[in-house]
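Please work through each task on the model before reading its solution.

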Amino acid sequence: MKKAEQIIFLLTCILVVAVAAIQRDGKILGHDIMTPADTARAEAVSPISTLSDGTEVINTTELGKDVSGYGGRVPLEIYLKDGKVIKVKALKNSETPDFFQSASSLLTRWNGKTPSEALAMKVDGVSGATFSSRGIIGNMKAGLQYAVKNSAGTSVLDKMDLSAKSIIGLIVVMMGAVIPLFWHNRRYRILQLCLNVAVLGLWCGTFLSWSLFVNFMSNGINVWVSFIPIVMLITAFVYPLFGKKNYYCTNICPFGSLQDLAGKVNKKNKWKLGTNAVIRLGYFRQLLFVVLMLLMLTGVYSDWISYELFTAFIVKSASTVVIVLAVVTVVLAVFVPRPYCRFVCPTGTLFKLSQNQK
């Protein structure tokens, strides 16, 4: 009966995320919730058009439909004149504005190149905006291939992210997902915590958050480039069904790992919170969660999901307020075990609800 209750709570959480996706983006799993007129206009988008001055414009809305950034598709318009790229324009997308602004510096990299020359270029993503960069680069490749009439399309290897960052990140998250199941060792745990912070947090900038949940629900999951978050999702929502509650938070979450490491700096002079204080802080976490859900589901203010403290790992794109709060939290973790996880984290509260925990 208890497992059935967990499944019911999990389905309820999925429903909440679905409502939030519709409220924010008007989409579910990449399908627009449109009127027939809107649908007709969307289907009328042609891959190529010609302006009055002879400039050809390639629209990657359909050409790059299998390429995703962090929030979903990242369609572009590629302007070609006299056989060369003269401009690349980003169309409407669901990327986090601050991250996409950083990645947008890539849009001029192909200017002055023929489609063949542009395809041969190796363009690296912008640090701190990896997913948005990948969306831009992938859409450029799809559009340029269309321009040179490359009917072969995009291969499986082209779809996959085989960069060193992604491969190492996948190894680290798999270590966290598998090894603690069979081996408990204090020294290894410290190593895993350090890897979670350094690789998953600071280098890859990959973690579970409300923003990720809503983006996946809104736009669907591009499996080819989402191996790391998929493993994280399994440890957060599937493992608890088999008795491994709080597994993601304890063994993988980069910000939880950072708080754990901070706590190891001070093992003796901890602040002792009374039972009443812990209970009140627990009620605060629940009340905060309810307020945030209402703000998101009613559409009053859903932008809070882009400002969870996890985003502080992406230093170049994170807001100053988030970075300051994250630093304060880590300092507090030296004296109070995992303060953000225990008394604030909206993502952690979602996990607890899906696991039928208080």
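A cavity is a set of points, on a 1 Å grid over the protein atoms alone, where a 1.4 Å probe fits but cannot get out, and its lining residues have an atom within 4 Å of a point. Grid points are joined across faces, edges and corners, and a volume is the space filled by probe spheres set on the points. The model is predicted, so local features need pLDDT of at least 70 and side-chain atom pairs count only at pLDDT 80 or more, whereas totals for chains, interfaces and linings use all residues. Residues are numbered from 1 along each chain as its sequence is written, and side-chain values use heavy atoms, with hydrogens and water left out.

**Exercise 1. Determine the volume of the largest cavity and describe its lining.**

Step 1: the largest cavity holds about 90 Å³ of space. Step 2: it is lined by 15 residues, of which Ser-68, Gly-69, Tyr-70, Phe-216 and Ser-226 are the closest to its centre. Step 3: helix H9 (residues 210–219) gives the largest share of this lining, four residues, where helices (H or I, at least four residues) and strands (E, at least two) are DSSP runs numbered from the N terminus. Step 4: sorted by class, the lining has six nonpolar, nine polar and no charged residues, with Ala, Val, Leu, Ile, Met, Phe, Trp, Tyr, Cys and Pro taken as nonpolar, Asp, Glu, Lys and Arg as charged, and the others, Gly among them, as polar.

**Exercise 2. Describe the lining of the second largest cavity.**

Step 1: the volume of the second largest cavity is about 40 Å³. Step 2: its lining includes Tyr-70, Phe-131 and Pro-229.

**Exercise 3. Explain which strands stand at the edges of the open sheet.**

Step 1: the four strands follow the order S3-S4-S5-S6 with antiparallel pairing, two strands being paired if DSSP finds at least two bridges between them. Step 2: strand S3 (48–50) and strand S6 (84–90) each have a single partner strand, so one side of each is left without a neighbour in the sheet. Step 3: S3 pairs with strand S4 (residues 56–59) over three bridges, and Ser-49 stands opposite Val-57 in S4.

**Exercise 4. Classify the aromatic pair of Phe-213 and Phe-237.**

Step 1: rings of Phe, Tyr and Trp (its six-membered ring) pair if their centres lie within 6.5 Å, and planes under 30 degrees apart count as stacked, over 60 as edge-to-face and the rest as tilted. Step 2: with 5.8 Å centre to centre and 65° between the planes, Phe-213 and Phe-237 are edge-to-face. Step 3: the pair links helix H9 to helix H10 (residues 227–238), its members lying 24 residues apart.

Technical notes
On a 1 Å grid over the protein atoms alone, a cavity is a set of points where a 1.4 Å probe fits but cannot get out, and a pocket is an open set with protein on both sides within 12 Å along at least five of seven lines; lining residues have an atom within 4 Å of a point.
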